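The stops below go from one selection to the next.

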Amino acid sequence: MKKNNFSILAVSFVLIVLGWIYYTMMPQSISDDGSLSEFSTKRALEHIQSISKKPHFVGSENHEVVANYLEKELQKLGLETKIQEGTTLSDWGNLVKSKNIIARIKGSNSTKALLLLSHYDSAPHSFSHGASDDASGIATILEGIRAFLHNKTKHKNDIIILFSDAEELGLNGAALFVTKSNWAKDIGLALNFEARMEPVAQALC
C-alpha cells in the first residue's frame, strides 16, 4: 500500500513540474503599447490571422492569396520585392515548382548578409491552416522588420528576407534559393524562424 502511495505521489509531482514548465514557457501577455518603435505581439497576431484563414498548401487557391498578401506587406514597409520561381527535385523525391518571395535591406558597408527565413506554405496532408507552422515565423519577421525600419536603425550588413515556398513538400523553395539565387552566396548567417533548424538553412550558415 505504501509503495502504491509513493508511486502516486511521484507521478503527481512529475505532472505538476511538467505543468509548471509548460506554463512558464508560454507567453504570459500580449504587447500592445501603441508604440510603432516597439515589436507588437498584437500586430504580429494580425498577420497570423490573415495568413491562416484557410489552408494554403502548394497548388491550393489560397496559396496564391497568401503569397500576394506577403508581397504587399513587404512593399508597405518600403521594400522592393523579388519573386523567384523555379522547379526543384527534393531529397524526398518531390518535383515541385516553388514561388519564393524575397526582399533585401541594404546595409552601410555589407560584407556578408543576414538571412531571415520562414516558409509560407501550409501542410497539405493535414489541411492545416498553418498558424504555428509557419505563419508565426512569417509574422515575427514582418513585425520585427517593421519596428527595425521604423527606428531607422543603422546597420552595416545587408538583411535578406526570404519567405520560401514548398517547405512542407521537401524544402523545395529553400533549395531553389540556395542553388539558383545569386544572393545565396552573400549570406554569412541564416536565421530560420521555424520549429526546428532545417538542413538547408544550416548549409547557408
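Start by selecting Glu143 and Arg43: their side chains meet in a salt bridge, at 3.1 Å from N to O. A salt bridge here is a side-chain nitrogen of Lys or Arg within 4 Å of a carboxyl oxygen of Asp or Glu. Glu143 belongs to helix 4 and Arg43 to helix 2, so the pair ties together parts that are 100 residues apart in sequence. Helices (H or I, at least four residues) and strands (E, at least two) are DSSP runs, numbered from the N terminus. Both Glu143 and Arg43 are buried. Buried means under 20% relative accessible area, exposed over 50%, and partly exposed in between, with a 1.4 Å probe and protein chains only.

Before going on, note that this is a predicted model, in which local features need pLDDT of at least 70 and side-chain atom pairs count only at pLDDT 80 or more, while totals for chains, interfaces and linings use all residues. Residues are numbered from 1 along each chain as its sequence is written, and side-chain values use heavy atoms, with hydrogens and water left out.

**Helix 2**

Which residues of helix 2 are buried? Select Arg43, Ala44, His47, Ile48 and Ile51. They sit on the same side of helix 2, because they cover an arc of only 150° around the axis; the arc is that of the directions from the helix axis to the C-beta atoms. Show helix 3 and helix 4 next, as both are included in what covers the buried residues of helix 2.

**The nonpolar cores**

Now colour the largest nonpolar core, which has 22 residues. Such a core is a set of buried Ala, Val, Leu, Ile, Met, Phe, Trp, Tyr and Cys residues joined through side-chain atoms within 4.5 Å. Leu70, Leu74, Tyr120, Ile145, Ile161 and Phe163 have the most contacts inside this core. At least two of its residues come from each of helix 2 (41-51), helix 3 (61-76), strand 2 (95-105), helix 4 (131-150) and strand 4 (159-164). Helix 4 supplies the largest share, 6 residues.

Centre on Leu74. Beyond its neighbours within four places in sequence, Leu74 is in contact (heavy atoms within 4.5 Å) with Leu79, Thr81, Ile101, Ala103, Leu142, Ile161 and Phe163.

The structure holds 8 salt bridges. Select Glu64 and Lys99, whose closest N and O atoms are 2.7 Å apart. Glu64 lies in helix 3 and Lys99 in strand 2, so this pair ties together parts that are 35 residues apart in sequence. Glu64 is partly exposed at 35% relative accessibility, whereas Lys99, at 13%, is buried.

Move to Asp158 and Arg104, a salt bridge with its closest N and O atoms 3.0 Å apart. Asp158 is in the loop between helix 4 and strand 4 and Arg104 is in strand 2, 54 residues apart. Both Asp158 and Arg104 are buried.

**Zooming out**

Finally, show the whole chain as a cartoon. The protein has 6 helices and 5 strands, in the order α-α-α-β-β-β-α-β-α-β-α along the sequence. Of its 205 residues, 41% count as buried.
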